[in-house]
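Trainee: I have a structure open and would like to talk it through with you. Could we take it one question at a time?

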Amino acid sequence: MDERAERESPEAQLLSRAKSGDLDAFEQLVALYERRVFGLALRLTGSVEDAKDAVQETFMRMHRKMAQIDSGRSVGPWLYAVTANICHDVGRSRQRSRLVPMDEWAANRPDPAANPEGVMHGRERERRLRAGLRQLPEKERAALLLREMEGMSTEEVARALGSSAGTVRSQICTARLKLRKFFARREGESK
Amino acid sequence: MNCPEYEERIALLVDGELERGAAWAVEKHLRTCGECAEFASQMEFDRELLRMPPPECSDVDFIALRHAIRRRISQEHPRAKWMPVLAMAGSILLIMAVAWLGRPNVARTLVSAASRLVSTRSGPPAKSLPAHQLSGLAAAPVLTVVGPRRITPRRTANRPAAAPQPRPDPDLEAALRDFLAKEITPAFPDSAVSPVAIRIQTSNPNVVLILLPESSGGFE
C-alpha cells in the first residue's frame, strides 16, 4: 500500500476500492450508511416502505455515479443530498397518486401518550415528532433534518438543497419555531 | 411566551447562527426571563429528539435491503456477471489458435496462400512512402510470419532434372501411314476423308494415341 493510501481514512479507501469496481467495498459503504439514510428518508417521507425504496434508490444512484463522489470528502453529505432529492420525488409521486401516508392520519389524532412530565415511550415520541415534521413545508423539513440528523453545515445543506446559505439559515430557524409551537399546542390539548 | 421578539433569536442561538454580540444579549435575557429560558430549553429538547435515530431503524432487515441492492446492480450490469466467463473463453480460444498456427504445415499453407494472393492481385501496386515518412515507422511493431523464404510447390520440390527430349522416328510414322492405308481405309470405302478421327500427341513424339472409328460408328 502506498503512502497516499495509508493516509486515507478507511472510508476513503473503501470509496477508492468501490470506484475501481470492488462490489464488496461498495457493500461495506452501504452497511456504513444504510441506517442513517433510512432514518433520514423515514422522517422525510413519513413512511417505512417509502423510506426503504428511497434507501435502495439512493445506493443505486451512488453506484451509478460513484465517479462523481469526491474521494477526499466524506460520502455522507453526498448521500444525504441524494436521499433528500429522492424523497422529494417520492413526495411528488404520492401527491399525484393522492395516497395519504399513515403518519399524516396519526398527526391529526390526539396523542394519548403525551403527558405533562414529558415521559414518553420512544415510539410514541417518534410518532409525535413525525407528526410535527409533517406540518412543515418540504424544504424546511429537509433543511432541519439535514442539519440535526446528519450534522451538516449551513453551506452543505444549501448545496444539497440547491439553495443559498441565507435561505437555509432562515428555513431552519422557521422550522424550529413551527415545530416547537406544534409540540406546545399538542401538549396544551392533552392537558 | 411573553417575548415574541426573542423567539427567532432564541432559535438562531440554539442553532449557533447568532453573532457573538447578539448571542450575549439573548443569553442575558434568558437569565432574567423564565418563560424564554423554558422556551429555549424545550427547543434544545426538540434538537435531542431530532438527533435520535427513529426506532424503526432496529426493525428493518438491512441485510435483505443490501441483497436487493446487489440484485439490482447485477441486473443493471449483466455484462459484469459474464465478463470472467467471456475472458476465460477468449483465453482458451487464443491458446488454441496459437497452437494451431504453430504447426509447421499450417504455417507453410498460410504463407503459400498469402504469396499466391499477392501475386495474382489485379489492383494497382501499393504506393510506397517517401523515405522521410518511413523513418518514423522504423520503431513500429511489425507482424512477421516465420516460414521458409521461398515456397516451392510440393510436387516439383524433389523432382530430378528433365530428361532430354527424344527425336521422332521417321520409320514409325511411315509404319503408321501404311497400317492406316492397308487396314483401316478399305473398311470405309464410301468415306472421302481419312477415317482417323482423333489423334493424341504425347510429350514423346514416338508415342501417339489414335482413336479409330468402328464400322458400327463408335470408337475403339
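Predicted model: local features only at pLDDT ≥ 70, side-chain atom pairs only at ≥ 80, totals over all residues.

Trainee: What percentage of the residues in chain B is buried?

Mentor: A residue counts as buried under 20% relative accessible area. In chain A, with its 191 residues, the buried part is 50%. For the 220 residues in chain B, the value is 19%.

Trainee: Now the interface: how much area is buried between chain B and chain A?

Mentor: Let's start from the contacts, where 35 residues of chain B meet 45 residues of chain A. Leu49(B), Leu50(B) and Arg72(B) supply 17% of the area that chain B buries against chain A, more than any other three residues. Carbon and sulfur atoms give 62% of the area buried between the two chains, and that area is about 3,800 Å².

Trainee: How many salt bridges does the rule find across that interface?

Mentor: One of the salt bridges joins Glu27(A) and Arg70(B), with the closest N and O atoms 2.6 Å apart. That lies inside the 4 Å cut-off for a salt bridge. Across the interface of chain B and chain A, the rule finds 14.

Trainee: Which elements of chain B give two or more residues to the side that touches chain A?

Mentor: The residues on that side of chain B divide into 19 nonpolar, three polar and 13 charged. The elements that give two or more of these residues are helix H1 (4–14), helix H3 (34–51) and helix H4 (62–76) of chain B.

Trainee: How many aromatic pairs does a search of the whole structure find?

Mentor: A pair of aromatic rings is described by the distance of the centres and the angle of the planes. Over all chains, the search finds three.

Trainee: How many residues apart are Tyr33(A) and Tyr80(A)?

Mentor: Tyr33(A) and Tyr80(A) form an edge-to-face pair, 6.3 Å centre to centre with 70 degrees between the planes. Both tyrosines are buried. Tyr33(A) is in helix H3 (residues 23–45) and Tyr80(A) in helix H5 (residues 75–97) of chain A, so the pair links distant parts of the chain, and the separation is 47 residues.

Trainee: Why does the pair of Phe38(A) and Phe62(B) join two chains?

Mentor: These rings are also edge-to-face, 5.8 Å centre to centre and 85 degrees between the planes. Phe38(A) is buried at a relative accessible area of 0%, and Phe62(B) counts as buried at 3%. The pair joins two chains because Phe38(A) lies in helix H3 of chain A and Phe62(B) in helix H4 of chain B.

Trainee: Last one: what distance separates the C-alpha atoms of Asp70(A) and Leu15(A)?

Mentor: Asp70(A) sits in the loop between helix H4 (48–64) and H5 of chain A. Asp70(A) is partly exposed, with a relative accessible area of 43%. Along the chain, Asp70(A) and Leu15(A) are 55 residues apart, while their C-alpha atoms are separated by 9.1 Å.

Methods
Residues numbered from 1 in each chain as written. Chains lettered and ligands numbered in written order. Heavy atoms only, no water. Contact = heavy atoms within 4.5 Å. Buried area = accessible area lost by both parts, 1.4 Å probe. Salt bridge = Lys/Arg side-chain N within 4 Å of Asp/Glu carboxyl O. Helix = DSSP H or I, 4+ residues; strand = E, 2+ residues; numbered from the N terminus. Nonpolar A, V, L, I, M, F, W, Y, C, P; charged D, E, K, R; others polar. Phe/Tyr/Trp six-rings, centres within 6.5 Å; stacked < 30°, edge-to-face > 60°. Buried < 20%, exposed > 50% of the residue type's maximum accessible area, 1.4 Å probe, protein only.
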